Amino acid sequence: MASLLTGTLNMGTFFSIVRRRYKRRRKKRSERKDRSRLRQSRNQQKYFTMDIDDEENMSSSSTDVKENRNMDNVPPKDGSVQNTGEGSQLSNGGGSSSRKRPLEEGSNGHSKFRPKKRKKTPGPVLPKNALMQLNEIKPGLQYKLLSQTGPVHAPIFVMAVEVNGQVFEGSGPTKKKAKLHAAEKALRSFVQFPNASEAHLAMGRTLSVNTDFTSDQADFPDTLFNGFETPVQTDNSFYLGSNGDGSYSSSIDYSLSSSTVAGSLIQSPLPPPSPYPSTSGKNPVMILNELRPGLKYEFISESGESHAKNFVMAVAVDGQTFEGSGRNKKLAKARAAQSALASLFNMQLDQTPSRQPIPSEGLQLHLPQVLADAVARLVVDKFSDLTDNFTSPHARRKVLAGIVMTTGTDVKDAQVISVSTGTKCINGEYMSDRGLALNDCHAEIISRRCLLKFLYTQLELFVSNKEDQQKSIFIKSERSGFKLQENVQFHLYISTSPCGDARIFSPHEAAQEDQGDRHPNRKARGQLRTKIESGEGTIPVRSTTTIQTWDGVLQGERLLTMSCSDKIARWNVLGIQGSLLSLFVEPIYFSSIILGSLYHGDHLSRAVYQRIAEIEDLPPLYTLNRPLLSGISNAEARQPGKAPNFSVNWTVGDTGLEVINATTGKDEMGRASRLCKHALYSRWMRIHAKLSSSLRAKILKPNLYHDTKQVATKYQTAKECLFKAFLKAGLGAWVEKPIEQDQFSLTV
């Protein structure tokens, strides 16, 4: 019994001790919490009375504060230890929240704490940073992230903001820092400094001691940073560049990098305000709507292949109707508005140099861009009709070409003369010595042969009665023979740049920043080139004169055919009528050459006439033709896939397409084409039998095809002048086909 009582007492003592210890621990824990709360309140007061230098670019938002404080954790370049962060608590729960203090030099290994900063009583409001100040001056500005570079642990952000039409960029380790720097640059542009030295100091630039402020060759302007107003063109022209999706942006580069801001801002006297609204950031539809509110756009048509649709929209402004085409309705509307602005308000919306039309030196009856878009649309629509809306198997193509004839100032009266496709040449073993095969089945070459067929048809009208003669595009020339009626013009359309010199240096669409040919004097520029037999592409001609022989080609030598760029240059000197028709008609030249894609003004102009600008001693009526060169508003999409091995052609008056095997130069049944030399020579012989009195050069009895061509002496003289011009310019020697293929005759 005694032992039981003793055990009960021992248990009671034990629980009593446990209760006392528990109470003591709970009391200590409560005291520690009170001390911790006291320290936190002191730390907050210390934080808000801290010097501005301790917390760079203080922001009113908590997220900005966190972002700026995180930047302080980046180790400095000198290797000194940074503060790890204020208010951080010890992991052991001890409650110490003071900053870790680094060892100072000369302490012999002992820690030496910096003296505590003097506590400040709440004073005036902290000064606003550049971001806040700019937002007050220009509320609602949008900052855009341009790029992010550098490793993950140390990124560099570039932010941009547009103010008064100028774009200011800033960079930093965080987006916040980058925005601050961009805002600072924008603010600096608003400040007018009393002199140039202060301006340069504000920009962080130092001036050389020997700077001559009176020199005309000073390397900087005296007045800077007064860009409050958006620069306005003095001639009231507006420059917008197409982005291809219906939106437009200013083609003048207002983006200012740090070096640009530092050295290239020039303050000139402000020009008088423009009578038209500002075009910054606006597309043509918006601009036109400000000038003529309430306009309605009408949907006209839809055409094109499934992967390259083309829509046409129209708008009526001041009693005139303007049309525009594009790959979608939005872009078509923009093109229509662009046409109206150019015609009615003289607003040039795209001033990228290499994309600009190059006007003709001859008679110009149409607005260049309006004409180019209309010609392209006519050719594509005609090809659509001929191929059952591109569903025919022969609608497959790489290059489409066509020729359109206009007879006045109204483009609506234009007529499609020919349509063709093709990208390949004949294989040497299929050459014909009777003129029954087509040697070159490239689209633009075939279209020109179709035009010859059309010209023969127009001459044949003079063989008939007077009523038919009135329908002809030819009239009697006061010299001899015939000439085109006044205002009759021919326009060549090619869906892409012609092979050879025009295409080899412009494989991509010209960009807005493309300022033209950067290397115009390189030796490869302008070189004569030949096509690859039974393939695509071109190679430069040999430095020495190349003579092709009939037996050599048949034994395996590669048959060489001059590139399309070279042939078009030839047409711009000799005319598109050829030697046989030159015996009846005066030289005929293209009035315009229009490309559906890969248009580059510098390269195309050099290829088709500029490289032979020094041509001399041309016979009368022959000249170096400089036609209008232009791209189209809606550049044609690239045609994917392998090029087909066939070529199709159509001439006005034909019932349908003729399909030619490009390798053999004949149709699939082995029959001669309606465009071959033999067929065209036969038509010439029939006209000669009826109109021999109208010949511009006398020929007694036509026999061989080659001999008849040689009778056109002025044409042959002009051809020799052309070949000499190429040689004199160091561009190579023209390569002609074996003479045997022209040694054939026929009888009517």
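Tutor: A residue is called buried under 20% relative accessible area, exposed over 50% and partly exposed in between (1.4 Å probe, protein chains only). Methionine 11 is partly exposed, because its relative accessible area is 46%. The model is predicted, so local features need pLDDT of at least 70 and side-chain atom pairs pLDDT 80 or more, while totals for chains, interfaces and linings use all residues. Residues are numbered from 1 along each chain as its sequence is written, and side-chain values use heavy atoms, without hydrogens and water.

Met11 sits in helix α1 (residues 2-48); helices (H or I, at least four residues) and strands (E, at least two) are DSSP runs, numbered from the N terminus. Together with Phe14, Phe15 and Val18, Met11 makes up a nonpolar surface patch of about 390 Å² accessible area. Such a patch takes residues with over 30% relative accessible area and no salt bridge, joining like charges within 9 Å and nonpolar side chains (Val, Leu, Ile, Met, Phe, Trp, Tyr) within 5 Å; the areas are Shrake-Rupley values with a 1.4 Å probe, and for residues only the protein chains shown count as cover.

Strand β20 (residues 646-651) runs antiparallel to β21 and is joined to it by four bridges; two strands pair if DSSP finds at least two bridges between them. Phe646 has Asn661 of β21 as its bridge partner. In β21 (residues 658-661), Glu658 and Ile660 point one way and Val659 and Asn661 the other, and all are buried. The β20-β21 hairpin has six residues between its strands, and Gly653 there takes a positive phi near 105°.

Glu658 also belongs to a salt-bridge network with Lys453, Asp654 and Arg674. A salt bridge here is a side-chain nitrogen of Lys or Arg within 4 Å of a carboxyl oxygen of Asp or Glu, and the count by this rule is 20.

Arg479 takes part in two pairings. With Glu478, the closest N and O atoms are 3.7 Å apart; with Glu586, the N to O distance is 2.9 Å. Arg479 is in the loop between β12 (474-476) and β13 (482-484), and Glu586 is in the loop between α15 (578-581) and β18 (592-595), so this pair ties together parts 107 residues apart in sequence. Glu586 counts as buried because its relative accessibility is 9%, whereas Glu478, at 56%, counts as exposed.

A further pair is Glu736 with Lys719, whose closest N and O atoms are 3.8 Å apart. Lys719 is in helix α19 (713-728) and Glu736 in the segment after it, 17 residues apart. Lys719 counts as buried at 10% relative accessibility, while Glu736 is partly exposed at 41%.
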